[in-house]
Amino acid sequence: MPIIHTQHISLSLSGTPVVTDVSLEVGHGEFVGIVGPNGSGKTTLLRGLHRALKPQAGAVLVGMDDLWQLSANEAARRIAVVSQENQIGFDFTTSEVAAMGRIPYKQGFARDSDADRQLIAQSLSELGLAPLAHRSFDAMSGGERQRTLIARALVQQAPILLLDEPTNHLDIHYQLDVLHRVHSLKLTTIAALHDLNLAAAWCQRIYVIDRGQVVASGAPHEALAADLISRVFRVQATAFTHPVSGKHQLLFDRTAEEAS
Amino acid sequence: MHTHITAATTSSEVLLNDQRLRRRYRVTILILIGVLFAIATLGMSIGAVSVPFWQVWDIVWHHLRNIPIADELRGTDLIIWEIRAPRVVLGSLVGAGLAASGVAVQAMVRNPLADPYTLGIQSGAAAGAVAVIFFGGALRSGLISPAVGGFIGALVTLLLVFSLARQRGRVSSMRLLLVGISLSYALSGFTTFMQYATHDPAGQSAILFWIIGGLGGAEWSKIPLMAIVLGVAVVFIWYRARQLNVLAIGDESATALGMRPDHLRVQLFVVLSLAIAVAVSIVGPIGFVGLVVPHVTRLIVGAEHRRVIPLSLLLGAIYLVGVDVLARWLIAPSEIPVGVLTAILGTPFFVWLIRRRDALAIREGQ
C-alpha cells in the first residue's frame, strides 16, 4: 500500500497551469526521483505533495488521509521538506535551525524538553554535524547547510521526506555525500533532481516530467531510456551500464538542434 | 555569543554545550536586570536637583507601600514621583516595546535591516498629528488633540500599507517592505511641507515634537494605556517566538513545518501596528531603537527568537532610559529631545553594522 499518492492532480501558479493530471504512488521506504527539464514542473509537483500548493483538481493522499483534510501540524508531522531556502540572513546556529523541526509538536510557550534536546543533538550527530552544532548556519558550506536542513527534517520525525534539488550548487563530493546520507536514513524519500545520472544511481524508481505531465516512470533503466531522454531534454543521449557500480547511466554529446 | 566549539563531536557534548549556553544566557538576563535597575535609579537621581540614590528608592518605596511622605521631603517627592519616575517608566516601556517590535518586524519582512517604522506607521502618525496642528489653528477647533490625530494618522497608514501590500489575499514580505518605505517618503514630504508652511512659532515647536519625539511629557496618566497595549503586543510576539524563527527563513520552510506564514504575518502586522501607533502618539517618533537594539541583542545571543525577545526587551528599556539620561545631562539644565540623540547615536552604529555585514559576506566568499 502506498504511503503517499496523488490522484490526477493539477497544480497552477498564479492561474497558469503547471502540472496537469499527475498520478504517482510511492511505497513505504522507497526512494523515488522526479526528473525533467527546466520549467517542466518538478518543483511545483513537489510543492503539491505537501501543503505549499493546493491542487486545483485531484487529491493527495497520505496513508489513508487526504493531505488537505489533515491539520497543518499533523501534515508536518508526516511530511518533512528540504526546500531550496538555505540562505537565511539571520545568524542562526546549526543546532537552532535543526531545533525548528520541533515546531509541529510545540504550542506557544512550550519549552524544549530533555527528550527534544536529545533528539536534536542525535540528529545533528547522525549527519556528522555535531562539531558544527554551535556554528553559524550562514557561514557553513553548501553541503553542510544541506545536511543541517536534513537534520531538521529528522528532528521533525516525519516518515516521508521531500527534497527539492538537494544537490544543487554542491560539488561532486557533497552531491554524493548528501544522497548517501539521505539514502541511509531509510525514510520514504521523494526527490526532485536535476542530475539524471545521480537520479539513475540513487533512486529505486523515477518519474520523468515534461510540460507538467508524467511521460515515463519506472526503474532507472526503464524511465531513463536513451531515446525518451533524448526527446524530452532535446539532446543526444547514450545509455550504458556503469563498469563498477553496474547502474544504468547516460552520456550526452550534442543538443537535438546541433544534431539536425 | 558565538563560540566556535571544535571539540564537540558527539551528541552528548552538543548537549553539554547547549547547557552551558543556556546558563550563560540566564546570567546575561540577570546582569541586564541589574543594569536596568541601576540606570533607572540614575535617571531618577540626576537633573536640575540632584537626589541621592538611597533617597530615590526611599521615596519610591513610600509610594509603593502607600506610606505618607515626611513634610520636608514634599519638594523632592514631587520631582521624583511626579516627574522623573513616570519618565523612567515611560522610557522603559517605549524602549522595550520598540525593541521587541523591531525584532518581530525584521522577522516578518525577513530583513534584518527593517525597523518598526519601515511599515510607515511613524510617518503616518507624524503626518496626522502635524495636520491637526496645521489645520487646527485655521479651523479653531479643539476637538482632536495632536496625539489623537497621530493615532488616526497611524491607523489610516496601516490600512493603506496593508491593502496596497495585499495581492490575491496574500501579504508578501517584499511588498510590505516596499509599500511601507515608499509611503513613508510621501508622508514625510507632506509633514515637511506643513512644517515649512507654518509661520506661527508655537505651531512650529509643537510640530517639531512630532518630527523628533521625546519623553518630556511623561506623566502617570499616560502609562496604563501604553503598558496594556505594549504588554499585549509583547506577549503575542513572545508566544510566537518559535514561529518567528522560521518566518525569518522563508514561507516554504514555514509551511513545511505546519505554519501558515500569511496568517501569522497578518496577525503580527495588526498587533505591531496598533502598539507602535499608541507608542508614537504618546512619545512621538523615536527612531533607531527598533533597529539598533535587535542587532545588539543578536550579537549577544544569536538569532533564536526565544532568547532574542526577552533580551531585547531589557536592552531596549536600558537603551532608551540611558539615552534619555544623556539627553538631560549633556546640555543641562536644558535638554535634548531623546529622539534626536537616539538618531545621532544610532546612525554611526547603523553604518558600522552595514560595513561589518559586508566584511562578513566577503569573508564567506559571497
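Visitor: What radius of gyration does chain A have?
Guide: This is a predicted model, in which local features need pLDDT of at least 70, side-chain atom pairs count only at pLDDT 80 or more, and totals for chains, interfaces and linings use all residues. Residues are numbered from 1 along each chain as its sequence is written, while chains are lettered from A and ligands numbered from 1 in the order in which they are written. The radius of gyration is taken over C-alpha atoms, and the globule rule is 2.2 Å times the number of residues to the power 0.38. With 260 residues a compact globule would have a value near 18 Å, and this agrees with that of chain A, 19 Å.

Visitor: How many helices and strands does chain A have?
Guide: Helices (H or I, at least four residues) and strands (E, at least two) are DSSP runs, numbered from the N terminus. The C-alpha trace of chain A spans about 65 × 40 × 35 Å along its principal axes. Its elements are 10 helices and 12 strands.

Visitor: What separates the centres of domain 1 and domain 2 of chain A?
Guide: Domain bounds come from an automatic or database domain assignment. In chain A, domain 1 covers 2-224 and domain 2 covers 225-260. Taken over C-alpha atoms, their centres are separated by 27 Å.

Visitor: Which element gives the most to the side of domain 1 of chain A that touches domain 2?
Guide: Two residues are in contact if their C-beta atoms, placed from the backbone, lie within 7 Å; here 13 residues of domain 1 of chain A meet 10 residues of domain 2 of chain A. On the domain 1 side, α7 (196-202), β9 (205-210), β10 (213-218) and α8 (220-223) of chain A give two or more residues. The element that gives the most, with four residues, is α7(A).

Visitor: How many charged residues are on the side of chain B that touches chain A?
Guide: The contact takes 36 residues from chain B and 38 residues from chain A. In chain B, α1 (11-45), α9 (241-249) and α10 (251-256) each supply at least two residues. Ala, Val, Leu, Ile, Met, Phe, Trp, Tyr, Cys and Pro count as nonpolar, Asp, Glu, Lys and Arg as charged, and the others, Gly among them, as polar. By class, the chain B side has 13 nonpolar residues, 15 polar and, as for charged ones, eight.

Visitor: What radius of gyration does chain B have?
Guide: Chain B has 14 helices and two strands. For 366 residues the globule rule gives 21 Å, so chain B is as compact as a globular protein of that length, with a radius of gyration of 22 Å.

Visitor: Are α3(B) and α13(B) oblique or roughly antiparallel?
Guide: Axes are lines fitted to C-alpha atoms, for helices over the stretch in contact, and angles run from 0 to 180 degrees between N-to-C directions. Helix α3 (residues 74-108) and helix α13 (residues 305-329) of chain B pack at about 140°, with axes 7 Å apart. Angles under 35 degrees count as roughly parallel, over 145 as roughly antiparallel, 65 to 115 as roughly perpendicular and the rest as oblique. The two helices are therefore oblique.

Visitor: Is the crossing of α3(B) with α11(B) left-handed or right-handed?
Guide: α3(B) and helix α11 (residues 261-283) of chain B pack at an angle of about 150°, with their axes 10 Å apart. That makes α3(B) roughly antiparallel to α11(B). A crossing is left-handed if the near helix is turned anticlockwise from the far one by less than a right angle, and right-handed if clockwise. The crossing of α3(B) with α11(B) is left-handed.
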